[in-house]
Amino acid sequence: MLSFIAKRTLLALSQMLVISAVAFFLLYLSSSGIARTILGEQATEEQVAAKTAELGLDRPLPVRYVEWLLGVFQGDLGRSYFTPQDVSDALISRLPTTLSLLIATTIIAALIAFALGIAAAVYRGWLDRLVQILSIAGYAIPGFLFALLLVIVFAINLGWLPATGYVQLTTDPLGWLKTVILPIAALSIGVIAATAQQVRGAVIDVLRQDYVRTLRSRGLSEREIIFKHVLRNASGTGLTVLGLQFVGLLGGAIVVEQIFALPGLGTVAIQYTSRGDIPVVMGLLIITSLIVAVVNLLVDLGVGFLNPKARVA
Amino acid sequence: MSEQLLSVDKLGVDFTRRRTTFTALEEITFSIAEGETVGLVGESGSGKTTIGRSILGLVPPTRGTLTFRGEDITHASRAKRRELSRDMQVVFQDPYTSLNPSLTIEGILAEPLRAQGIDRREAGRRVKELLDRVRLPSDAAGRLPREFSGGQRQRVAIARALALRPRLIVCDEPVSALDLTTQQRVLDLFIEIQRDTGCAYLFVSHDLSVIRHVSHRVIVLNRGKIVESGGVEKVTSDPDDPYTQRLMMSAPLPDPGAQRERREELEKLRVDSERAA
Amino acid sequence: MSTSDKPETTLHRFLANPLALGAAIVLLVIVLCSALAPVLAGADPAFSAIRDAFLAPFSAGHPLGTDSAGRDIWARLLYGGQISLLGALLALVVAALIGIPAGLLAGYYGRWFDSVSVWMANLVQSMPGIVVLLAARAVLGPSIWISMLIFGVILSPGFYRVVRTAVINVRGELYVDAAKVSGLRDSAIIGRHILTVVRGPIIIQASLLLGIALAIQSGLEFLGVGDNSVPSWGNMLNEGFRSIYRAPITLLWPSLAIGLTCAALVIIGNGLRDALEERGLSSARRDRRKNVGTATAAMAALPAVDEAALDEAAPLTRPGVNTADESETIVTAPLADLEFVPEPVWSDSTPLETPEPDPSAVLSVRRLRVGYGSGPHDKTVVHNVSLDVHAGEVLGLVGESGSGKTQTAFAVLGLLPTGGRVTNGSVLFDGEELTTRSRASMRELRGTGIAYIPQEPMSNLDPSFKVGSQLSTPMMRRLGLDKRAARTRALELLDRVGIREPERTYDSYPHEISGGMAQRVLIAGAVSCRPRLLIADEPTTALDVTVQAEVLRLLRELQSEQEMAVILVTHNFGVVADICDRVAVMNKGTIVEQNDVESLFARPRHPYTQTLLGSTLEGGPSRIDLDRAEAEGAHR
């Protein structure tokens, strides 16, 4: 198990290295005249040259990448072009909002999706059909449309919940809850739909396995068979789907944060990218891919824990 | 004995998986003459299927040589293999997966013919002949494999193998997925075809009784090595090798009295070998 | 039966699904409207008149009203459709151009290209799409075409994975090997055998990916980072959102357009999948021998063409094909074969002529009937089966596939597959009726009263739990042993069934032990709670002969030690001769003959039994004998 963890961690690290290198080179190669953009049209050639030198843009790209990478390992993501702020400060201060949104969504969605998927697979009949229809609907309609619908109905028409704004979890838990209910609901629907569908399929599949019949022939209770044996064998699929959904969720969070005006990574992302602030964009890329890498690692470990055969691979 | 059709000389096959090498076959030497059936018998993991697959070019040999009609085919190119397909064919074990479910019987049977450049009309005529040969109705041509039972599908697979009038057919457990009554009928069809066309069979099976029914000579495999070979009467009724003896004694006889005796003999064999060990 | 010669195509099944058909029509209408925008719009989508801002729907000249800049919403919706759909299409085409060839190559040839491409697909899929698109936007500026081009690359693993998996599955099929041996070129194999299988999944995936591309594209534009100089659905959303308090209705139209399109695409994808799966259901029968569920399904679907009938008649038109005809209307046509119930032959020594249950037997079955489905589709797979098993006796239940022997066994266990039920007759166990028992009370009986040994050793152990826990848990639950006692007893059992290192096997996962060992573990599990009746369903069929002999020896010993009654389901007369005291021969759901083992082999009475025994090769003539007989026949 330990070598399995080590192998997966190394794989994740190598992937991040490649992503960062490719992103770094592509971004800097395809952007020209950064200093000119920052200084504006009126700046003289000398001013532009001075700015280029100040930003270190006149030095070879590989050198700059290595320097940047070394900085990353020390938690330094460089400085924004347009504001006198450290990229890491700008991003890390926003991280808790986004992360709390993502984690809460994942947990809630996972619980609901597993419950629905198992119930649909075990009871079949009308419940199954209902879950299927909800799944198609939830999967088919883009999450931000749900978010808009929720804003219009619950915030604007009914006025039950605030449409925008954010309260820190640590300062006012109830207030926090009020501000995140709608965003979490909007984000979860798609995840629930996709995951419930896969869990349902996996549970039906496991229920058809020979060993389930054999377990029944031993006189074990149906509850023990479903919640111990079937659930464990079906969870791998559910977990893998959740992992894939999480990547989409990151993108979804950016949009949803914008709709509900939550001060998370998404708002930073949009602000800085429209201005072409490459250091911030690089920081954003590295942080999001780190989050994804950690989630993938957790999923791999989870699947490895559930399925002894996967540990060998 | 007539001229040797296929000679296998010191064939060895290794498989590499996850950086560990596993030897599936070692020092396999035998030959098949025109028109005869050589039976290959062994249990799972004995490498019997691998022998057939490496002769067909589906598994590359690691060591040794394969000679077919005097020509070295050990490392035959894809083009050479396509040429060889006229002389060498196959019938697989599973009649459910060896036929493409979305092609009609005619499409399946015409495939080898068309690959050899035979035109559509001639191919159609030959398909009718083939169906007749394996005793399937000629209107089976337009149907899909799923409309047929296991035994009938295996007849289709035999017809496909016969399409190019090969000299050698590798039969990989061709009756082990079939019911008892069907099994015997398909075996008899194999024998009848051999008498009519003079083709040779390499007949692979785990079942000594099946091997006894169709083979002239028998090779017994255990863990990738030949443990015994010889004429069918000798190997299947009075084997010399202890493993072959155990294989023979382990198969229960459909006669309670005879089986009781066989069981006692097997028990003696077991006690002897335990004492030896 | 008036069935067409051509089998029903996937397209037919797709169009027969009302939901999918509706979605296809909706999509078609949306596409047509967008394509015909210049004809249908009636206004310039970019023409802005501030005094006309926020006109309500159905205003003069503006069927859907106007937006914040006074532009006609209907016109913008139609022209926006062009841009949005073409953008999504661009992403799809790029994804297909990269993903499909890569998947084909990786799947068919494997090796280094496979490992490299899998690694790259993983890499691309671990990047959140929107973040990458935002980064691209930062350096390349806003352009729907550039971002959709990049998104196409991000989507390409979607195609790649589907194609690769499908190709790997097909590549392993025997018919591809057969095509190679038939002398087909790789290009012909890919064209004939591989593309046909991959086609369906590609189309399904395309509809899903198109929806995703559209959603991402509108999401991006909605964020306001897109190119807002062109009318597109996403840009319309963005504008609507800015005036969400003033005129929420302006949000409705683009939302509706995006939502409907995405939903239609997903429903079409699902419909296609269902249509393809139905085809798969009626064709794949590969593991019919392994799984009873499928065996019964196979009976329902397969024509069960009579092999005997084939060989009897030499002429070319014959009953075999008539039955094949019926296979196309499997659901409506009940198996003609099953309507014919063979006449049973009772031997003199069989006490079964008494219609009353035998009180001295552990198990006494009378007139058992097992059926599947209900109404016009029902099918009876076991007819009128009666049998008795006494303590210490082994009854062999023999027959070919589809004879109903396994169904009879499952009916006794109360573990018939979904859809199956006992429709008539009685099953008495220790004098107690089982057919009327509740599910819960049947459970009380299993393990301790009636136990079961399956056919396939590997698939009958839960792969996620150690062998030990699978053995000890039932003893804890059913015998009330504590954990330590259960472990001790499990180790004793493992030792008893001949496993050399019980402790090691106890701590192993099923995939770490061999098939023969797994079967011993399953036998240990079956006898662990000291059942009165053991039902063994082809317990040695999946094993090598040498292992079979050992397992039979073990079963015989355990059976006499524990004085169990045993029902042994098998197709092998050698196994019957070896271990059974009495035999019941089944054919087409009925017991045709029942007798003690010596008499049955010495004097088979029913013609079917005679045919079966005549087909056994064991102890029969060798090829040399056959050739000699043939030569003599030719001389005469």
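Helices here are DSSP runs of H or I with at least four residues, strands are runs of E with at least two, and both are numbered from the N terminus. The model is a predicted one, with local features needing pLDDT of at least 70 and side-chain atom pairs counting only at pLDDT 80 or more, while totals for chains, interfaces and linings use all residues. Residues are numbered from 1 along each chain as its sequence is written, chains are lettered from A and ligands numbered from 1 in the order in which they are written, and side-chain values use heavy atoms, with hydrogens and water left out.

Back to helix 11 of chain A, which runs over residues 222–260 and spans only 45 Å between its end C-alpha atoms. A straight helix of 39 residues would span 57 Å, the expected span being 1.5 Å times one less than the number of residues. Just past the end of this helix, A:Ala261 takes a positive phi of about 50°. Helix 11 also holds A:Gly238, which is buried, with a relative accessible area of 0% (buried means under 20%, exposed over 50%, partly exposed in between, using a 1.4 Å probe and protein chains only). Setting aside neighbours within four places in sequence, A:Gly238 is in contact with A:Phe114, A:Thr195 and A:Val199, where contact means heavy atoms within 4.5 Å.

Two other residues also turn up with positive phi. A:Arg124, not a glycine, has a phi of about 50°; A:Arg124 sits in the loop between helix 6 (95–123) and helix 7 (125–140) of chain A and is partly exposed, at 36% relative accessible area. In chain C, Glu563 has a phi near 55°. C:Glu563 lies in the loop between helix 22 (545–562) and strand 9 (565–570) and is partly exposed as well, at 48%.

As for the packing, a nonpolar core is a set of buried Ala, Val, Leu, Ile, Met, Phe, Trp, Tyr and Cys residues joined through side-chain atoms within 4.5 Å. The largest such core has 173 residues, and A:Leu91, A:Ile259, C:Phe151 and C:Phe159 touch the most other members. Helix 9 of chain C (residues 186–222) gives this core its largest share, 16 residues. A second, separate core of 58 residues includes B:Val175, B:Val186, B:Val232 and B:Tyr243. Beyond four places in sequence, the contacts of C:Phe159 include C:Leu92, C:Gly99, C:Ile202 and C:Leu209.

Chain C has 26 helices and 11 strands, and buried residues make up 56% of its 636 residues. Of its contacts with a separation of 6 or more, 70% are between residues 24 or more positions apart.

Chain C also meets chain B, with 84 residues of chain B in contact with 74 residues of chain C. The area buried between them is about 7300 Å², with carbon and sulfur atoms giving 53% (buried area is the accessible area, 1.4 Å probe, that two parts lose on being put together, summed over both). B:Arg146, B:Leu180 and B:Pro254 supply 9% of what chain B buries against chain C, more than any other three residues. Nine salt bridges cross this interface, a salt bridge being a side-chain nitrogen of Lys or Arg within 4 Å of a carboxyl oxygen of Asp or Glu. C:Asp578 forms a salt bridge with B:Arg263, with the closest N and O atoms 3.1 Å apart.
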